[in-house]
Protein chains: 2
Amino acid sequence: MSRMQRAVLVLSSVALALSFAAYAQKPAAQGAEEAAVRAADEQWSQAAGARDLEKTIGFYADNGILQPPGSPALAGKAAVRAFWAAAFQDPAYQLSWKPVEVGVARSGDLAYTRGSYDFTYTAGGKALREHGKDLVVWKKQADGAWKVVVDMFSADGPVTPIQP
Amino acid sequence: MSRMQRAVLVLSSVALALSFAAYAQKPAAQGAEEAAVRAADEQWSQAAGARDLEKTIGFYADNGILQPPGSPALAGKAAVRAFWAAAFQDPAYQLSWKPVEVGVARSGDLAYTRGSYDFTYTAGGKALREHGKDLVVWKKQADGAWKVVVDMFSADGPVTPIQP
């Protein structure tokens with residue numbers, strides 16, 4: 001066996017081993033990414049619940065899009081910031097959500113969460129309580145952080161005035 | 001070089017070549033999947049526009065979820081079928097949508113479309129016209145077909161009564 005043949009054999013064997021390792025690790029890696037997306041979604045809800053504007057909009061990708069009911073799509077950080085800033089100014093504002101389903105691509109670069117939320121806000125001079133659902137698409141960024149690329153939500157039914 | 005060494009070398013070289021091929025083909029494969037998802041979305045809109053119930057609900061995965069405004073999430077084919085059957089019975093019903101953005105995971109198993117729609121329907125005895133936006137998550141099935149796992153839409157603003 002020549003030096004060259006030995007080198008090719010070693011390199012090829014390493015490639016083979018890495019290929020098997022990559023296949024074997026996929027489910028575990030996907031599970032870890034699912035946990036990371038779920039954690040990001042929960043931290044995002046905590047930031048929004050605390051009216052932390054910088055932290056809340058920090059979960060959106062730079063070109064992230066928010067698609068609220070009764071509004072055209074709001075594209076980009078400035079539009080998303082204006083939406084959340086207005087929501088946080090409402091004295092009745094309360095919001096929390098939780099993921100009920102998390103799905104991640106095998107490649108670990110794209111994911112979605114489907115969740116439910118409770119939202120209290122003022123409309124027409126009245127404090128209203130709204131229960132609803134959401135759908136959020138996430139992309140893993142170059143730095144490894146999961147960010148929101150599209151965010152959509154809507155009420156489950158008629159909203160309920162809060163009795164004083 | 002023994003027979004065994006030669007066999008290992010051949011197998012390893014094949015594995016190495018396949019690894020490079022897989023990496024090299026990724027962008028092209030992703031582009032092809034984007035086109036497939038876009039085509040599925042367009043065919044789905046045509047089926048819905050033609051009130052073709054079987055074809056329309058055929059685009060949802062078996063456990064597909066529809067999240068309409070003012071309704072809890074409708075989970076599974078039976079609930080999704082009932083929603084579309086009711087919509088198709090409205091004499092004023094007209095619907096079409098088109099994708100404005102398609103995103104596919106590198107692994108080609110998960111994708112999303114973001115689009116806009118025009119919807120005409122009867123509510124409170126009046127024919128109304130609604131322009132809106134959607135967000136749809138797709139999963140590639142075992143047979144290679146892209147199916148809808150979560151479907152969400154909402155109006156861009158107040159709906160407009162159609163003048164007779």
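Leaving aside its neighbours within four places in sequence, which residues is B:T113 in contact with? The close-ups below start there.

This is a predicted model, in which local features need pLDDT of at least 70, side-chain atom pairs count only at pLDDT 80 or more, and totals for chains, interfaces and linings use all residues. Residues are numbered from 1 along each chain as its sequence is written, chains are lettered from A and ligands numbered from 1 in the order in which they are written, and side-chain values use heavy atoms, with hydrogens and water left out.

**View 1. B:T113 and its surroundings in chain B.** Beyond four places in sequence, B:T113 is in contact (heavy atoms within 4.5 Å) with B:V37, B:D41, B:E101, B:V102, B:D134, B:L135, B:V136 and B:W138. Look for B:T113 in strand β4, residues 110-123 of chain B; strands are DSSP runs of E, at least two residues, and helices are runs of H or I, at least four, numbered from the N terminus. B:T113 has a relative accessible area of 1%, so it is buried (under 20%; exposed is over 50% and partly exposed is in between, with a 1.4 Å probe and protein chains only).

**View 2. The side chains of B:T113 and B:W138.** These two side chains make a polar contact at 2.9 Å. That term means a pair of N or O atoms within 3.5 Å; within protein, one must be able to donate a hydrogen and the other to accept it, and residues adjacent in sequence count only if both atoms are side-chain atoms.

**View 3. Where chain B meets chain A.** Here 41 residues of chain B are in contact with 41 residues of chain A. About 3200 Å² is buried between the chains, with carbon and sulfur atoms giving 67%; this is the accessible area (1.4 Å probe) that two parts lose on being put together, summed over both.

**View 4. A salt bridge between B:R106 and A:D109.** The two side chains meet at 3.8 Å, N to O.

**View 5. A:T56 in helix α2 of chain A.** This helix covers residues 53-57. Is A:T56 buried or exposed? Its relative accessible area is 0%, so A:T56 is buried. Not counting residues up to four places away in sequence, A:T56 touches A:W44, A:A47, A:A48, A:W84 and A:F88. The side chain of A:T56 also reaches the backbone oxygen of A:A47 at 3.4 Å.

Note on methods:
Salt bridge = Lys/Arg side-chain N within 4 Å of Asp/Glu carboxyl O.
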